[in-house]
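Here is the note you asked for on this model. Please read the points below with the structure open.

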Amino acid sequence: MRIVVADCSVDYAGRLSAHLPRAKRVLMLKGDGSILVHSDGGSYKPLNWMSPPCSLEPLELDDDVREAGIVEQWQVTHKKTADKLVVSLFEIIHDSSYDLGVDPGLIKDGVEAHLQELLADQINLLGDGHSLVRREYMTAIGPVDILARDSEGVSVAVEIKRRGEIDGVEQLTRYLELMNRDPLLAPVSGVFAAQEIKPQARTLAEDRGIRCLVLDYDAMRGMEDKNTLF
(Lines give C-alpha, C1' and ligand atoms only; values in the text may rest on other atoms or scores of the structure.)
Protein backbone atom coordinates (compact mmCIF):
# COMPACT_ATOMS: atom_id res chain seq x y z
CA MET A 1 0.00 0.00 0.00
CA ARG A 2 1.39 3.39 -1.03
CA ILE A 3 -0.07 6.56 0.49
CA VAL A 4 0.64 9.88 -1.21
CA VAL A 5 -0.58 13.26 -0.02
CA ALA A 6 -0.29 15.69 -2.90
CA ASP A 7 -1.44 18.92 -4.48
CA CYS A 8 -2.94 17.42 -7.63
CA SER A 9 -5.59 17.39 -10.32
CA VAL A 10 -7.22 14.26 -11.73
CA ASP A 11 -8.74 13.52 -15.13
CA TYR A 12 -10.73 10.40 -16.00
CA ALA A 13 -11.34 9.44 -19.63
CA GLY A 14 -13.39 6.47 -20.80
CA ARG A 15 -17.09 5.63 -20.88
CA LEU A 16 -17.49 8.70 -18.67
CA SER A 17 -15.26 11.75 -18.39
CA ALA A 18 -14.57 13.56 -15.13
CA HIS A 19 -12.21 16.27 -13.90
CA LEU A 20 -11.07 17.08 -10.38
CA PRO A 21 -9.45 20.52 -10.26
CA ARG A 22 -6.22 21.17 -8.41
CA ALA A 23 -6.41 20.59 -4.65
CA LYS A 24 -4.66 18.73 -1.83
CA ARG A 25 -5.78 15.10 -1.76
CA VAL A 26 -4.83 11.64 -0.49
CA LEU A 27 -3.91 9.08 -3.17
CA MET A 28 -4.08 5.39 -2.24
CA LEU A 29 -2.20 3.03 -4.55
CA LYS A 30 -2.95 -0.59 -3.70
CA GLY A 31 -0.99 -3.71 -4.39
CA ASP A 32 -3.70 -4.99 -6.75
CA GLY A 33 -3.00 -2.03 -9.08
CA SER A 34 -6.03 0.04 -8.11
CA ILE A 35 -5.89 3.72 -7.17
CA LEU A 36 -8.31 5.77 -5.08
CA VAL A 37 -8.43 9.55 -4.78
CA HIS A 38 -9.72 10.86 -1.44
CA SER A 39 -10.49 14.30 -0.05
CA ASP A 40 -10.80 15.31 3.60
CA GLY A 41 -14.60 14.97 3.43
CA GLY A 42 -17.25 12.81 1.83
CA SER A 43 -16.98 9.94 4.30
CA TYR A 44 -15.50 6.67 2.97
CA LYS A 45 -16.23 7.15 -0.74
CA PRO A 46 -13.33 8.25 -2.98
CA LEU A 47 -13.74 11.21 -5.33
CA ASN A 48 -12.45 9.08 -8.20
CA TRP A 49 -10.78 5.72 -8.61
CA MET A 50 -9.65 3.01 -11.01
CA SER A 51 -10.54 -0.56 -10.14
CA PRO A 52 -8.29 -3.54 -10.96
CA PRO A 53 -7.09 -4.97 -13.24
CA CYS A 54 -5.13 -1.86 -14.12
CA SER A 55 -1.56 -0.63 -14.45
CA LEU A 56 0.20 2.60 -13.51
CA GLU A 57 2.97 4.27 -15.48
CA PRO A 58 4.66 7.67 -15.11
CA LEU A 59 4.30 9.98 -18.11
CA GLU A 60 7.08 12.02 -19.65
CA LEU A 61 6.47 15.71 -19.08
CA ASP A 62 6.67 18.13 -21.99
CA ASP A 63 7.60 21.80 -21.62
CA ASP A 64 3.98 23.01 -21.48
CA VAL A 65 3.18 20.62 -18.65
CA ARG A 66 6.27 21.65 -16.69
CA GLU A 67 5.46 25.33 -17.18
CA ALA A 68 2.04 24.65 -15.65
CA GLY A 69 3.85 23.65 -12.47
CA ILE A 70 3.35 19.88 -12.73
CA VAL A 71 6.25 17.85 -11.33
CA GLU A 72 4.89 14.33 -12.02
CA GLN A 73 2.08 12.72 -14.01
CA TRP A 74 0.72 9.21 -13.54
CA GLN A 75 -1.46 7.40 -16.02
CA VAL A 76 -3.52 4.49 -14.71
CA THR A 77 -5.03 2.34 -17.49
CA HIS A 78 -7.72 -0.30 -17.04
CA LYS A 79 -6.58 -3.50 -18.76
CA LYS A 80 -10.04 -4.53 -19.98
CA THR A 81 -11.81 -1.28 -20.86
CA ALA A 82 -8.78 0.93 -21.67
CA ASP A 83 -10.29 3.67 -19.48
CA LYS A 84 -7.60 6.04 -18.25
CA LEU A 85 -7.11 8.09 -15.13
CA VAL A 86 -4.36 10.74 -15.23
CA VAL A 87 -3.09 12.25 -11.97
CA SER A 88 -1.12 15.51 -12.34
CA LEU A 89 0.97 16.26 -9.26
CA PHE A 90 2.02 19.83 -8.53
CA GLU A 91 3.57 19.02 -5.15
CA ILE A 92 4.13 15.80 -3.23
CA ILE A 93 3.65 16.52 0.46
CA HIS A 94 3.96 12.97 1.80
CA ASP A 95 4.87 9.65 0.17
CA SER A 96 5.10 6.38 2.09
CA SER A 97 4.70 2.68 1.35
CA TYR A 98 3.65 -0.17 3.65
CA ASP A 99 3.51 -3.93 3.24
CA LEU A 100 0.17 -4.87 4.79
CA GLY A 101 0.60 -8.60 4.18
CA VAL A 102 -2.25 -11.00 3.46
CA ASP A 103 -5.63 -9.83 4.72
CA PRO A 104 -7.76 -12.53 6.41
CA GLY A 105 -10.97 -10.97 5.09
CA LEU A 106 -14.13 -9.95 6.85
CA ILE A 107 -15.06 -11.98 9.89
CA LYS A 108 -18.69 -11.78 10.93
CA ASP A 109 -19.46 -10.73 14.45
CA GLY A 110 -20.44 -13.44 16.90
CA VAL A 111 -24.19 -12.91 16.61
CA GLU A 112 -24.25 -13.11 12.80
CA ALA A 113 -22.07 -16.21 12.80
CA HIS A 114 -24.32 -17.85 15.41
CA LEU A 115 -27.46 -16.87 13.50
CA GLN A 116 -26.04 -18.56 10.43
CA GLU A 117 -25.29 -21.72 12.39
CA LEU A 118 -28.73 -21.75 14.00
CA LEU A 119 -30.61 -21.13 10.76
CA ALA A 120 -28.66 -23.89 9.04
CA ASP A 121 -29.79 -26.25 11.83
CA GLN A 122 -33.36 -24.89 11.69
CA ILE A 123 -33.64 -24.52 7.93
CA ASN A 124 -37.39 -25.14 8.17
CA LEU A 125 -37.69 -21.50 9.29
CA LEU A 126 -37.34 -20.63 5.61
CA GLY A 127 -40.53 -22.61 4.96
CA ASP A 128 -41.81 -26.17 4.88
CA GLY A 129 -39.81 -28.50 2.70
CA HIS A 130 -36.62 -26.45 2.61
CA SER A 131 -33.32 -28.31 2.83
CA LEU A 132 -29.79 -27.11 3.46
CA VAL A 133 -27.24 -27.41 0.63
CA ARG A 134 -24.36 -25.78 2.50
CA ARG A 135 -23.23 -22.85 4.60
CA GLU A 136 -20.79 -20.26 3.23
CA TYR A 137 -21.43 -21.11 -0.42
CA MET A 138 -18.53 -19.46 -2.25
CA THR A 139 -19.08 -17.24 -5.28
CA ALA A 140 -16.58 -15.22 -7.28
CA ILE A 141 -17.38 -12.13 -5.17
CA GLY A 142 -17.65 -13.72 -1.75
CA PRO A 143 -19.55 -16.34 0.24
CA VAL A 144 -23.32 -16.52 0.47
CA ASP A 145 -24.27 -17.28 4.07
CA ILE A 146 -26.58 -20.20 3.25
CA LEU A 147 -27.52 -22.02 0.06
CA ALA A 148 -30.72 -24.06 0.39
CA ARG A 149 -33.42 -25.60 -1.79
CA ASP A 150 -37.16 -25.16 -1.37
CA SER A 151 -39.79 -27.90 -1.52
CA GLU A 152 -39.72 -27.79 -5.33
CA GLY A 153 -35.93 -28.01 -5.54
CA VAL A 154 -35.39 -24.34 -6.42
CA SER A 155 -32.12 -22.82 -5.17
CA VAL A 156 -32.43 -20.27 -2.37
CA ALA A 157 -29.60 -17.90 -1.39
CA VAL A 158 -29.82 -16.52 2.16
CA GLU A 159 -27.97 -13.45 3.42
CA ILE A 160 -27.97 -13.10 7.20
CA LYS A 161 -27.47 -9.88 9.14
CA ARG A 162 -27.91 -8.92 12.75
CA ARG A 163 -29.42 -5.67 11.54
CA GLY A 164 -30.91 -5.64 8.06
CA GLU A 165 -30.14 -2.46 6.13
CA ILE A 166 -29.97 -1.41 2.48
CA ASP A 167 -26.30 -2.42 2.14
CA GLY A 168 -27.22 -6.01 2.96
CA VAL A 169 -29.93 -6.06 0.30
CA GLU A 170 -27.45 -4.70 -2.24
CA GLN A 171 -24.97 -7.40 -1.25
CA LEU A 172 -27.53 -10.17 -1.71
CA THR A 173 -28.62 -8.65 -5.04
CA ARG A 174 -25.05 -8.93 -6.35
CA TYR A 175 -24.86 -12.57 -5.23
CA LEU A 176 -28.17 -13.37 -6.94
CA GLU A 177 -27.16 -11.71 -10.21
CA LEU A 178 -24.02 -13.83 -10.30
CA MET A 179 -25.59 -17.10 -9.16
CA ASN A 180 -28.42 -16.83 -11.68
CA ARG A 181 -25.83 -16.97 -14.47
CA ASP A 182 -24.90 -20.49 -13.35
CA PRO A 183 -27.13 -22.99 -15.19
CA LEU A 184 -26.57 -25.53 -12.42
CA LEU A 185 -28.11 -23.18 -9.85
CA ALA A 186 -30.57 -21.00 -11.74
CA PRO A 187 -33.18 -19.97 -10.97
CA VAL A 188 -32.02 -18.73 -7.57
CA SER A 189 -34.38 -16.86 -5.25
CA GLY A 190 -33.21 -14.73 -2.35
CA VAL A 191 -34.02 -14.45 1.34
CA PHE A 192 -32.81 -11.52 3.43
CA ALA A 193 -32.78 -12.65 7.06
CA ALA A 194 -32.05 -10.50 10.11
CA GLN A 195 -33.05 -9.89 13.69
CA GLU A 196 -34.32 -6.48 12.62
CA ILE A 197 -35.02 -5.27 9.08
CA LYS A 198 -35.21 -1.55 8.42
CA PRO A 199 -38.32 -0.39 6.49
CA GLN A 200 -36.23 1.00 3.61
CA ALA A 201 -34.33 -2.28 3.31
CA ARG A 202 -37.58 -4.28 3.31
CA THR A 203 -39.05 -2.05 0.60
CA LEU A 204 -35.95 -2.42 -1.60
CA ALA A 205 -35.80 -6.19 -1.04
CA GLU A 206 -39.44 -6.77 -1.88
CA ASP A 207 -39.14 -4.55 -4.95
CA ARG A 208 -36.37 -6.86 -6.16
CA GLY A 209 -38.31 -10.04 -5.42
CA ILE A 210 -36.27 -10.86 -2.33
CA ARG A 211 -38.17 -12.36 0.60
CA CYS A 212 -37.54 -10.92 4.08
CA LEU A 213 -37.33 -13.10 7.20
CA VAL A 214 -37.11 -11.72 10.74
CA LEU A 215 -35.13 -14.04 13.01
CA ASP A 216 -35.89 -14.41 16.73
CA TYR A 217 -32.42 -15.06 18.11
CA ASP A 218 -33.58 -16.05 21.59
CA ALA A 219 -36.21 -18.45 20.28
CA MET A 220 -33.71 -20.04 17.90
CA ARG A 221 -31.37 -20.60 20.85
CA GLY A 222 -34.21 -22.18 22.82
CA MET A 223 -34.24 -19.47 25.44
CA GLU A 224 -37.54 -19.13 27.28
CA ASP A 225 -39.01 -15.64 27.56
CA LYS A 226 -39.28 -15.02 31.31
CA ASN A 227 -40.72 -11.52 30.93
CA THR A 228 -44.31 -12.75 30.73
CA LEU A 229 -46.92 -13.20 33.47
CA PHE A 230 -48.17 -16.57 32.21
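**Notes on strands, a charged patch and a loop**

1. Asp7 stands opposite Lys24 in strand 2. This model is predicted, and the pair belongs in that context.

2. Strand 1 covers residues 2-13 and strand 2 covers residues 18-29; the two pair in the antiparallel sense over 10 bridges. They form a hairpin, with 4 residues between strand 1 and strand 2. In a regular strand, side chains alternate between the two faces of the sheet.

3. Strand 2 also pairs with strand 3 (residues 35-38): the two run antiparallel and are joined by 4 bridges. Across this pairing, Leu29 stands opposite Ile35 in strand 3. Strand 2 and strand 3 form a hairpin as well, with 5 residues between them. In that turn, Gly33 has a positive phi of about 95°.

4. Which residues form the negative surface patch? They are Asp62, Asp63, Asp64 and Glu67. Asp62 lies in the loop that runs between strand 5 (54-58) and helix 1 (63-67).

5. Is Ser151 buried or exposed? Ser151 counts as exposed because its relative accessibility is 57%, and the exposed class begins over 50%. This residue is found in the loop between strand 9 (142-149) and strand 10 (155-164).

6. One distance involving Ser151 may be checked in the viewer. Ser151 and Glu112 are 39 residues apart along the chain, and their C-alpha atoms are separated by 26 Å.

Conventions. Residues numbered from 1 in each chain as written. Predicted model: local features only at pLDDT ≥ 70, side-chain atom pairs only at ≥ 80, totals over all residues. Heavy atoms only, no water. Patch = residues over 30% accessible without salt bridge, like charges linked within 9 Å, V, L, I, M, F, W, Y side chains within 5 Å. Areas by Shrake-Rupley, 256 points an atom, 1.4 Å probe, with all protein chains shown as cover. Salt bridge = Lys/Arg side-chain N within 4 Å of Asp/Glu carboxyl O. Lys, Arg positive; Asp, Glu negative; His and termini not counted. Charge placed at Lys NZ, Arg CZ, Asp CG, Glu CD. Pairing = 2+ DSSP bridges. Buried < 20%, exposed > 50% of the residue type's maximum accessible area, 1.4 Å probe, protein only.
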